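Try each task yourself before you read its solution.

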Amino acid sequence: MVDILGKGTFGEVAKCWKRSTGQFVAIKILNSFTERSGYLKSELKILKILGTFNADKFYFIHLFEYFNDNDKLCLVFELLEQNLFEFQKDHNFAPIPVRHIRTISKQVLTALQKLKELSIAHTDIKPENIMLVNHSRYPFKVKLIDFGSASYKSYNHLSHASPQSRFYRAPEILLGLPFCEQMDMWSFGCVIVELHLGWPLYPGSNEYDQIRYINLHLKWELKSKEDAEVKAELHDQKMMVDLIKKILNLDPSERIRANIALKHAFITMQNKQRKCKKRWEKSPRNK
């Protein structure tokens with residue numbers, strides 16, 4: 001063991017050196033007492049399912065192996081760099097440029113689309129659970145982590161008492177209504193806005209306050225100073241706002257799905273490319 005990367009209610013994550021391969025790994029060490037056995041079996045089952053797919057292609061963390069150590073379950077993962085919350089904190093919560101938010105969004109939406117195909121709801125999408133992967137070499141390449149509260153094929157019977165962290169909790173969860181994997185889309189919509197603003201969109205102090213914030217912001221716009229850099233990104237920003245509005249739909253049945261969101265103009269840049277082509281065709285050099 002090299003270092004403790006983090007501690008939680010049910011265990012800790014340690015940075016370790018794997019002697020057989022000479023590589024550093026992250027080991028999630030979970031207390032496997034009786035009350036937690038169901039949670040652990042569920043998480044391990046989901047990680048095994050995900051392990052049959054290419055983790056780099058679908059942007060979720062890669063589980064190398066697992067083992068039991070007395071009363072603890074140890075999950076050995078690839079070692080990733082830092083999460084998006086830590087990244088923003090290191091940069092004084094400065095807004096992330098729209099072009100980088102697009103890069104992050106495309107990857108997370110790809111992960112959510114795959115989870116939907118596998119009938120898995122993550123249930124805890126937030127900046128802390130989206131990790132950067134070798135940021136200096138691959139800027140804003142990310143992976144989804146922490147499937148500890150994820151649900152497989154039983155969305156309305158989650159074992160976790162309060163699915164989703166409060167700031168990212170979908171209206172259907174807050175109101176005790178039927179829910180599905182679309183709760184993850186709501187959470188990710190909140191994440192996109194937070195990356196752009198530098199602070200949470202709905203920072204409620206409790207569930208009632210959370211509902212109040214959502215009601216206050218049913219109609220909202222992203223406002224920025226009209227400087228040259230913002231004007232250059234104005235079209236991108238408008239497309240991003242359009243996608244966010246489709247994601248943050250109060251009705252989960254009307255909320256845009258990950259596979260459709262991946263075809264949105266903000267992600268594909270289709271409209272932007274068309275505009276650039278028209279500009280090029282009108283250029284005096286091409287006449």
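**Exercise 1.** Find the residues that form a nonpolar patch on the surface, and classify Trp-17 as buried, partly exposed or exposed.

*Solution.* Keep in mind that you're looking at a predicted model. Step one: the patch is made of Val-2, Trp-17 and Phe-24, which together have about 320 Å² of accessible area. Step two: pick out Trp-17, which sits in strand β2, residues 11-18. Step three: buried means under 20% relative accessible area and exposed means over 50%. Trp-17 comes out at 47%, so it counts as partly exposed.

**Exercise 2.** Work out the strand order of the open sheet, then say which strands stand at its edges.

*Solution.* Start by walking across the five strands: the order is β1-β2-β3-β5-β4, with antiparallel pairing. Now look at the two ends. β1 (3-8) and β4 (63-69) each have a single partner strand, so one side of each has no neighbour in the sheet. As you step from one strand to the next, the twist averages 25 degrees.

**Exercise 3.** Describe how β5 pairs with β3 and with β4.

*Solution.* Take β3 (residues 23-31) to begin with: seven bridges tie it to β5 (residues 72-78), and the two run antiparallel. Across this pair, Ile-29 faces Cys-74 in β5. Next comes β4, joined to β5 by six bridges, again antiparallel. Here Tyr-66 is opposite Leu-75 of β5.

**Exercise 4.** Which strands does helix α1 lie across?

*Solution.* Follow residues 37-50, which make up α1: this helix lies across β3, β4 and β5. Then compare directions: α1 runs at about 25 degrees to β5.

Methods: Residues numbered from 1 in each chain as written. Predicted model: local features only at pLDDT ≥ 70, side-chain atom pairs only at ≥ 80, totals over all residues. Heavy atoms only, no water. Pairing = 2+ DSSP bridges. Helix = DSSP H or I, 4+ residues; strand = E, 2+ residues; numbered from the N terminus. Axes fitted to C-alpha atoms, helices over the stretch in contact; angles between N-to-C directions. Contact = heavy atoms within 4.5 Å. Patch = residues over 30% accessible without salt bridge, like charges linked within 9 Å, V, L, I, M, F, W, Y side chains within 5 Å. Areas by Shrake-Rupley, 256 points an atom, 1.4 Å probe, with all protein chains shown as cover. Salt bridge = Lys/Arg side-chain N within 4 Å of Asp/Glu carboxyl O. Buried < 20%, exposed > 50% of the residue type's maximum accessible area, 1.4 Å probe, protein only.
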